[in-house]
Amino acid sequence: MKSICFFVMMLLCASYSSIAQSGINKFNLNFDKYNEETKNAEGWAKWGFYEFSKAVKLDNENYVGKVVSDKGGDFGCVIYKIPSFYKGDSIQLSGKIKTEKVKKGYAGLIMRIDGLNQMIELENSYKKGIGGTTDWQEYSISLPFMNNAKNIFVGGILQGKGTAWFDDFKVTIDGQDIQVMDEIEQFQQLENVEPELVTIFDNYKMNLTFEDDFSQGASLIPLINIVENKRIVSIGEDTHGTAEFYKFRAALTKALIKNKGFKTIILESPFDDIEVLSKNLKSTPMNELIHSYLLSIYHTQEMKEFLDWLKFEGIAMGVKFKGCDDSYWLIHDLIGSELALQSDIEIARRSKEYLSIVEKYYGENDRNRFKVGSGVYQSLLSIDKYLNENGLQTARLNELIHNAKNSFLNYWLIENGKPIKSRDEIMAERITFLAENNNEKIIVWAHNAHISNDVIIDNEIGLMGNQLKEKFGKDYYSIGLCSLEGGYTYIENNFIYDDHDYSDKLLKEVITFQPDTSWEQVFNKISASPFFIESFDIKKELPGQEVFGKLKLLGYTKETKNDYYDASLLSMFDAVVFIPHTSATTPLLED
């Protein structure tokens, strides 16, 4: 749980000139270069609400940063901006801090990394801030360093009441002092290299056909040959409501299952819902299953057609259908039923205790949701440990408990003051569990934002795919699906995981905000027909630099201008499928 200043600072913008001098100490990180006209150290600015956030001179003639609380707001910062002309994997900020009577908050370091048009990373010492009165002491924080970083903001923060002094900041990237690092231009804007890219794309594109099943299957052969030996193939979508994406994913999935030995399909959907749906696939009417156990965005004829194939053909070939999202509503009944099969008295006792905590968790008036959720997690840990220590663990219980623990882990982390795990991180762990424990070749159906090899925004876009790429290397292969124009379906509910009610109505709309310069527009200049490219081929032609341009990443809600991100598409996906004109999915028809 972040403090209020975390969210406030995401909205702040700083406007002042950057300093890019050459040589040692090109950045005034120790406050010693002081401007008498502005009455502040050169390059330093104020963030937040406290009026007194600036450099001051101490008795020993040394300049330091100082923040003093007042009645003007919740926090104040002294901030220095560094243009990012650097490459690396991690960045660290260290600095000295002194405090006096800090209470109802903390003092600490702050570091924010911005991309081309949005914040990418933020660390504000919230979990390890300093309170009370302390003498000078050195502290440090660190963040992953992204290849699309444009500006690095570093400094000191005071939230709450009191006074804090800051001095001797140091920034290192992969252990090297930024003061002496060589500056490089690490990315290009798409519009600056568009003509060159159009030519390269045209040389490497492979055409796809959507006229009928036979021709589409034939046109997929080159892509099938590329991914046939991968462990995990993720097939994305730039909206959840595009019909052609579901048809393409279904065609590629069926081919990989029938001819290349893939046996597991994982959908971006709650794990427990998909378990119940799969169990009842043969016995329950399909429309009833979809309405009960699939998110509203999947209530489509396209999804029904694929599930009909799974029911009548896929299951006979040993195909498993799984989910990779949090499980809160049905998972406990599944675990309780499996535990009831055990004849161990202690298991029966622990199971009863676990289910009673779960019942309390779902109490409508429960004000201790985080505490009780942490109790659910600890109870699952206890059961899991007992099963393993006494040789009672089964593959089924192991999988169920793993998914339940992941769903409730963040409650325990919050209760114990530890950083939480993002949804993407946990989805990656669930997919990894299946890949490692079942040793099967897996196909993942999820949004482009999740399957991306590259992290675009921390904890939001790309973290799942990035972790899978780091874990499985070349055995993980991501295929991004992109479109230029056409229709899509969406729902108006912004929070689809806060209940188990999947009755949202599917609405139809057309793509409206596509920028004049975007990856999709560049693709459209290459061909008016669908095609795919392998990113590796293109990157060979563009050595040394990332290319960033606008890319549509629209989820399940209605499109806005904010659904277009500056992204390095060639680093995000191993392959890209482009379909110029697409249509909305067809809402599920009644039986």
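Modeller: Beyond its neighbours within four places in sequence, Val 56 is in contact (heavy atoms within 4.5 Å) with Asn 62, Tyr 63, Val 64 and Lys 66. This is a predicted model, in which local features need pLDDT of at least 70 and side-chain atom pairs count only at pLDDT 80 or more, while totals for chains, interfaces and linings use all residues. Residues are numbered from 1 along each chain as its sequence is written, and side-chain values use heavy atoms, with hydrogens and water left out.

Val 56 sits in strand S4, residues 52-57 (strands are DSSP runs of E, at least two residues, and helices runs of H or I, at least four, numbered from the N terminus). Val 56 counts as buried because its relative accessibility is 18% (buried is under 20% relative accessible area, exposed over 50%, partly exposed in between, with a 1.4 Å probe and protein chains only). Lys 247 lies 191 residues from Val 56 in sequence, and their C-alpha atoms are 64 Å apart.

Turning to another part, helix H15 (residues 463-472) has 7 of its 10 residues buried. Among them are Leu 463, Met 464, Leu 468 and Phe 472. The buried residues of H15 pack against several elements, including helix H13 (423-438), strand S17 (441-445) and strand S18 (476-490).

Elsewhere, S12 and strand S21 (residues 546-552) pair in the parallel sense over 3 bridges (pairing requires at least two DSSP bridges between two strands). Opposite Glu 546 in S21 stands Phe 187.
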